[in-house]
2 protein chains.
Amino acid sequence: MDKGDGRIGEMVLNATSGTVSLEVLNRVGADNLSGKILIDVSNPLDFSAGMPPTLTICNTESLGEQIQSAFPSTRVVKALNTVNAEVMVNPSLVPGAHNVFMCGNDAQAKTEVAALLERFGWPSASIFDLGDISSARGTEMYVPLWLRLWGVVGTSHFNIKVVSA
Amino acid sequence: MDKGDGRIGEMVLNATSGTVSLEVLNRVGADNLSGKILIDVSNPLDFSAGMPPTLTICNTESLGEQIQSAFPSTRVVKALNTVNAEVMVNPSLVPGAHNVFMCGNDAQAKTEVAALLERFGWPSASIFDLGDISSARGTEMYVPLWLRLWGVVGTSHFNIKVVSA
């Protein structure tokens, strides 16, 4: 991404609704996505039965994995899907320290995504690499808790901080 | 629970493996559980395909809801299932502020469970009431993320703190 001269290289950001992400990306075309880093911030939320939504995919698979599977030449990094869109690019909207998660199969791609996250304002230490793309199950399945927390805290400008001994 | 004289009233704690909780509780018998508060700390984890486990129930239902449904005269409060067992009863194992979640359909039962959590060392402000028992979907579905975070932080003595604007 950062080419050393401060320019940003080519990345694709999937911020489409999770229920149509695969269809949209198929229309973009595998050839156009080949070799590129795709940051997947989407969540497979089904609002058809009202609030709170359920997930169309979960538990034994995830949308992140399905995208990686459908586009094997694309380097998918799941990231940012655990916070509100405004917080994604402006983490200081939430005071103090809090964490952002990423996962993916390509180490170099994750390094480049982390650099982009730092440009958004996420401190390096706040970025947790959860491993390969299957960890997208973890971050996508967190969203039902996020939705309930939203109801309690009363603002979408919140996040979680991992605290450990 | 707290009868005003410092004694703890009758509560049932379901700390069985989530995959057998309903069977075990059925053997205990609905009559024996009737009217009582049941704190459900279990998670429906299926380890049969190895690590990480998947959930046997999720998304459109939860184990907490299934228990409430199976024992309608019992006041089920889902709580503590988002932290390691040692942290449940000794939150100071994790430094600083962090949160514990509870949900259930009976407000009085939640008040009594909150009082018990405070005795365990959870500050009143750290206890989040997420609403009715359907919020157990949120706390149970958080467990796959917990498992990945465990791998990153390297200790089960960790938790999350909700940070908001």
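Modeller: Let me start with a cut-off: a residue counts as buried if 20 or more other C-beta atoms lie within 10 Å of its own, as exposed if 12 or fewer do, and as partly exposed in between. Please keep in mind that this is a predicted model.

Biologist: Thanks! What makes Asn59(A) partly exposed?

Modeller: Asn59(A) has 18 other C-beta atoms within 10 Å. That count falls between 12 and 20, so Asn59(A) is partly exposed. Asn59(B) has 18 C-beta neighbours inside 10 Å, so partly exposed is the class for Asn59(B) as well.

Biologist: What makes the backbone of Asn59(A) worth a look?

Modeller: Phi of Asn59(A) is near 75°, a positive value in a residue other than glycine. Asn59(A) sits in the loop between strand 4 and helix 3 of chain A. In chain B, phi of Asn59(B) is near 75°, and Asn59(B) is found in the loop between strand 4 and helix 3 (63–70).

Biologist: Which kind of peptide bond links Met51(A) to Pro52(A), cis or trans?

Modeller: That bond is cis, with omega near -15°. Most peptide bonds are trans. Pro52(A) lies in the loop between strand 3 (45–46) and strand 4 (54–55) of chain A. Chain B has a cis bond from Met51(B) to Pro52(B), again with omega near -15°, and Pro52(B) is in the loop between strand 3 and strand 4 of chain B.

Biologist: On to helix 1 of chain A. How do you know that its buried residues line one face?

Modeller: The buried residues in helix 1 (residues 21–28) are Ser21(A), Leu22(A) and Leu25(A). Seen down the helix axis, they fall within an arc of 90°, so they line one face. An α-helix has 3.6 residues a turn, so residues three or four places apart point the same way.

Biologist: Which residues does the face turned away from the buried side carry?

Modeller: That face has the exposed residues Glu23(A), Val24(A), Asn26(A) and Arg27(A). The buried residues of helix 1 pack against strand 1 (11–14), helix 2 (30–33) and helix 3 (63–70) of chain A. Just after helix 1 comes Gly29(A), with a positive phi of about 100°.

Biologist: Why is helix 3 of chain B called mostly covered?

Modeller: The count is 6 buried residues out of 8. They are Leu63(B), Gly64(B), Glu65(B), Gln66(B), Ile67(B) and Gln68(B). To be called buried, each needs 20 or more other C-beta atoms within 10 Å. The partners they pack against include helix 1 (21–28), strand 5 (75–79) and helix 6 of chain B.

Biologist: What makes strand 2 of chain A covered on both faces?

Modeller: Ile37(A) and Ile39(A) are buried on one side, and Leu38(A) and Asp40(A) are buried on the other. In a regular strand the side chains alternate between the two faces of the sheet. Strand 2 pairs in the parallel sense with strand 1 over 4 bridges, and in the parallel sense with strand 5 (residues 75–79) over 4 bridges. Ile37(A) stands opposite Met11(A) and has Arg75(A) as its bridge partner in strand 5.

Biologist: Why are strand 1 and strand 7 of chain A said to stand at the edges?

Modeller: The open sheet of chain A has 5 strands in the order 1-2-5-6-7, with mixed pairing. Strand 1 and strand 7 (127–129) each have a single partner strand, so one side of each is left without a neighbour in the sheet. From one strand to the next, the twist averages 25°. Helix 3 of chain A packs on this sheet, touching strand 1, strand 2 and strand 5, and its direction makes about 170° with that of strand 5.

Biologist: How do you know that strand 8 of chain A and strand 8 of chain B pair?

Modeller: Pairing takes at least two bridges, and 7 bridges join these antiparallel strands, so they pair. Asn159(B), for one, is the bridge partner of Val163(A).

Biologist: How many residues does each chain give to the contact?

Modeller: Chain B gives 36 residues and chain A gives 37. The side of chain B that touches chain A has 19 nonpolar, 14 polar and 3 charged residues.

Conventions:
Residues are numbered from 1 along each chain as its sequence is written. Chains are lettered from A and ligands numbered from 1 in the order in which they are written. This is a predicted model: local features need pLDDT of at least 70, side-chain atom pairs count only at pLDDT 80 or more; totals for chains, interfaces and linings use all residues. Two residues are in contact if their C-beta atoms, placed from the backbone, lie within 7 Å. Ala, Val, Leu, Ile, Met, Phe, Trp, Tyr, Cys and Pro count as nonpolar, Asp, Glu, Lys and Arg as charged, and the others, Gly among them, as polar. Helices (H or I, at least four residues) and strands (E, at least two) are DSSP runs, numbered from the N terminus. The arc is that of the directions from the helix axis to the C-beta atoms. Axes are lines fitted to C-alpha atoms, for helices over the stretch in contact, and angles run from 0 to 180 degrees between N-to-C directions.
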